[in-house]
Amino acid sequence: MPAFTLYGSRGSTNTDRVRLTLAEGGFTDYETVLLNLQKGEQKSEEHKKRHPWGKIPAITSAEGFTMHESRAICKYLAKKYSFPLLPPDSDAEATALFDQAQCVETLYFAEPAGKIAFEKFAKRFMGLPPSDAVLSDALRSVEMFFDIAEGLLSEKEYMAGNDFALVDIYYIPLIRRLFACGYGNVVVSRAAVNAWWNRCVNRPAIARLLAADQEAATVTTATR
């Protein structure tokens, strides 16, 4: 029996955040159950026992431990399976800087980037037009975020310091979605940000997973 089951969906940035963490940690003893969001499987009573708000991802261990929210899941898995992606608990300052970087990602990046992803990506599948006003405001916030990040990354290698950490993984799915939506210039136009991005996505385990996902998406598109 696998150590746990990951409940998610293909193409979900939140699900991919967990998958990338597992890939970087070299952990494969789990199974994935893909829910069909268009059919509303995430809103089923069964899934709401795992995630009361009817969202993804969620995990359930072989022992019955269940939790939801992608960043919390990632941090739990990194601690439980000793992935080298977190500062040691004994280093109060490094832990504080990691927590600070995590707050920055959630509050100043993920919120506006998520709006762009919803307007340009999710609404397409819902048959709805994007809101130009929402997009303009969100893009302005993302540009401002990367302007500040450019200065910070000129003085350090990664978001929480000079070591690759879990918080860097948190960014990857939504930045890839920005590229897919035609907004990759917010990254590539800034030298330090672009260098950080390349360091992240060219890590061997992450690069393998992203390449496999790209190949799977190409095959799916070709067979439609």
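A residue is called buried when its relative accessible area is under 20%, exposed when it is over 50%, and partly exposed in between. Keep this in mind at each stop. The model on screen is predicted.

**Stop 1**

Select Arg190, Glu143 and Asp147. Asp147 has a relative accessible area of 48%, so it is partly exposed. Glu143, at 29%, is partly exposed as well. Arg190 has a relative accessible area of 9% and is therefore buried.

Now show the side chains. Arg190 and Glu143 form a salt bridge, with 2.6 Å from N to O. This pair joins distant parts of the chain, 47 residues apart: Arg190 is in the loop between helix 7 (185-188) and helix 8 (191-201), and Glu143 is in helix 5. Arg190 also forms a salt bridge with Asp147, where the closest N and O atoms are 2.8 Å apart. Asp147 belongs to helix 5 and Arg190 to the loop between helix 7 and helix 8, so this pair ties together parts 43 residues apart in sequence.

**Stop 1: Arg199 and Glu157**

Next, select Arg199 and Glu157, whose side chains meet in a salt bridge of 3.4 Å, N to O. Arg199 lies in helix 8 and Glu157 in the loop between helix 5 and helix 6, so the pair ties together parts that are 42 residues apart in sequence. Arg199 is partly exposed because its relative accessible area is 25%. Glu157 is partly exposed too, at 36%.

For a salt-bridge network, select Asp16, Arg19 and Asp213, which are linked in one. The structure holds 13 salt bridges.

**Stop 2: the nonpolar core**

Which residues touch the most other members of the largest nonpolar core? Select Phe109, Phe146, Val167 and Trp196: among the 56 residues of this core, these four do. Helix 6 contributes the most to the core, with nine residues.

Stay on Phe146. Apart from its neighbours within four places in sequence, Phe146 is in contact with Phe109, Ile175, Val186, Val187, Arg190 and Val193.

**Stop 3: helix 3**

Select residues 70-80, which make up helix 3. The buried residues here are Ser70, Arg71, Ile73, Cys74, Leu77 and Ala78. They cover an arc of only 160° around the axis, so they are on the same side of helix 3. What lies over them? The cover includes strand 1 (4-8), helix 1 (13-25), strand 3 (58-61), strand 4 (66-68), helix 4 and helix 6 (166-180).

**Stop 4: Arg50**

Select Arg50, in the loop between helix 2 (45-48) and strand 3. Is Arg50 buried or exposed? Its relative accessibility is 12%, so Arg50 counts as buried. Leaving out neighbours within four places in sequence, Arg50 is in contact with Tyr7, Ala58, Thr60, Thr66 and His68.

**Stop 6**

Leu128 sits in the loop between helix 4 (92-126) and helix 5 (132-153). With 42% relative accessibility, Leu128 counts as partly exposed.

Technical notes: Residues are numbered from 1 along each chain as its sequence is written. This is a predicted model: local features need pLDDT of at least 70, side-chain atom pairs count only at pLDDT 80 or more; totals for chains, interfaces and linings use all residues. Side-chain values use heavy atoms; hydrogens and water are left out. Helices (H or I, at least four residues) and strands (E, at least two) are DSSP runs, numbered from the N terminus. Buried means under 20% relative accessible area, exposed over 50%, partly exposed in between (1.4 Å probe, protein chains only). The arc is that of the directions from the helix axis to the C-beta atoms. Contact means heavy atoms within 4.5 Å. A nonpolar core is a set of buried Ala, Val, Leu, Ile, Met, Phe, Trp, Tyr and Cys residues joined through side-chain atoms within 4.5 Å. A salt bridge is a side-chain nitrogen of Lys or Arg within 4 Å of a carboxyl oxygen of Asp or Glu.
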